[in-house]
Every structure is written in structure tokens, then in C-alpha cells.
Amino acid sequence: LMDGTTWFLLGLTLFAGAASPGPSLALVVRSALKGGRPAGLWVALAHGIGVWLYALAVVFGVAAVLLHLPSLMLVVQLIGVLFLMYLGTQMIRGGLAAGADNTENLTVQTAARSHGRYVTDGFLIVFLNPKILVFFLAVFSQFLTSAQSLQTQVAAATLAGFIDGLWYGLIATLVSLGSFGALLQRHRAKIDLFFGAALWVISLWILFRLLSDSPSI
């Protein structure tokens, strides 16, 4: 079993990983602004489940096998780049549409999207991000030892998903909260444009790295 200190350090490490800014933060904020708190919470829940599954993959050794299949990893990374480009394009289009609308209505517009669509986006942004896989292989795995029971290791993986989902759920709640939410709503067009452009920059940077590092391209 892990002692209390190890659990605390694991939780702190997992929180640091979850709280680091990136495409996931952009998706949660944008979803909460467009579809309200429920939309952001659905994305947060799906994101936490995706992280939990990645952590379980490390526990059961699946992640190590995937890392040693460079061709498969490359395919996943390229699909991930395309997905980020898609999200970026959607955010930019939403920002331009909101800016052209130029209304003073601060009520959150109910997005014409099903809960399933938000869940899908939240899960895919995890699943198609190999950096999360690398994080769990390089960092999370350091807290696992052969002396631990399978139940302990699964509990550690569950903690990873719980902390991640809780963090992004908190973000979704804050984004849609009272005067702060109203302030963000007033600037939703600019926020969408900023995050959309950021996702495109991230996508192009990842693509450049992939093309530079892959000898077969």
C-alpha cells in the first residue's frame, strides 16, 4: 500500500498536470460559455474519464506497448492535430459569428448540441493527445511499484481521473458563475477567437515537430 505522504505527492503531481494550460482548458471554457455550465461539466466529466483510462492503460502495461509502436503513435498524433484544427476552426467561426451578432444579451445561449457531443469532444481531446500518455508513462508510473496490489494501482488511476474531472468541473463552474460569467459572456467572441487561434498555433507546432522528427516523412 502507499503511505499518506506518497498519496499526497501523487495527488499534488496529478493536480499540477491537470491544471497546466492547454487545449483542454480552451475546450472547457469555450463549452461553458457557449452551452452553459452543464456543457462545461459534461466536457469535464468526459475529460476525467479519458484521463482515468490513460492511467489504467499505464497500470495494465498497454501504454508501454503503444509507445513502442511508433507508426501507430504517429497516426494517433496526426489525428489529434486534425482534431485540434477542427476545434480551432469551430471556435474561430463561433467568435466571428458572435462578433457579427453584436447583441447585448448576456444570457448563455443554449448550444444546439447534444450532451453526447460535448462528451465526445471532452474524451477525444484526451484520447488524441499522446502528451497525456507520455505524462502518465513518465510521471504517474513513478508512483507505481511491483510491491503494490492491483487494487492500489487502480485506486491511483481513479484518483487521476477524479482530480482531472474535478479541476475542469471547477473551471466550468467558475466560467459560468454570476458576474464573472457575465463578464466572460461579454467578451465571448474575443475569447473564442483567441482560443481558436491558439489551437491552430498548437496544431501547426505539433505538426512541424512530427514532420521534423519522423524519418519516414
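Predicted model: local features only at pLDDT ≥ 70, side-chain atom pairs only at ≥ 80, totals over all residues.

How close do the axes of α1 and α8 come, and at what angle do they cross?

1. The axes of α1 and α8 come within 9 Å and cross at roughly 40°. Axes here are lines fitted to C-alpha atoms over the stretch in contact, with angles from 0 to 180 degrees between N-to-C directions.

2. Residues are numbered from 1 along each chain as its sequence is written, and side-chain values use heavy atoms, leaving out hydrogens and water.

3. The contact (heavy atoms within 4.5 Å) involves W7, L10 and F15 of α1, among others, and residues of α8 including L159, I163 and W167. By class, this contact has 13 nonpolar, 2 polar and 1 charged residues.

4. There are 5 aromatic pairs, counting ring centres within 6.5 Å, with planes over 60 degrees apart as edge-to-face. F15 and W167 form an edge-to-face pair, 5.2 Å centre to centre with 90° between the planes. This pair links helix α1 (residues 4-19) to helix α8 (residues 150-175), its members being 152 residues apart. F15 is partly exposed, at 37% relative accessibility (buried is under 20%, exposed over 50%, partly exposed in between, with a 1.4 Å probe and protein chains only).

5. F135 and F136 also pair edge-to-face, at 5.3 Å and 85°. F136 is buried at 3%, whereas F135 is partly exposed at 24%. Together with F140, F135 and F136 form one aromatic cluster.

Note on methods: Phe/Tyr/Trp six-rings, centres within 6.5 Å; stacked < 30°, edge-to-face > 60°. Helix = DSSP H or I, 4+ residues; strand = E, 2+ residues; numbered from the N terminus. Nonpolar A, V, L, I, M, F, W, Y, C, P; charged D, E, K, R; others polar.
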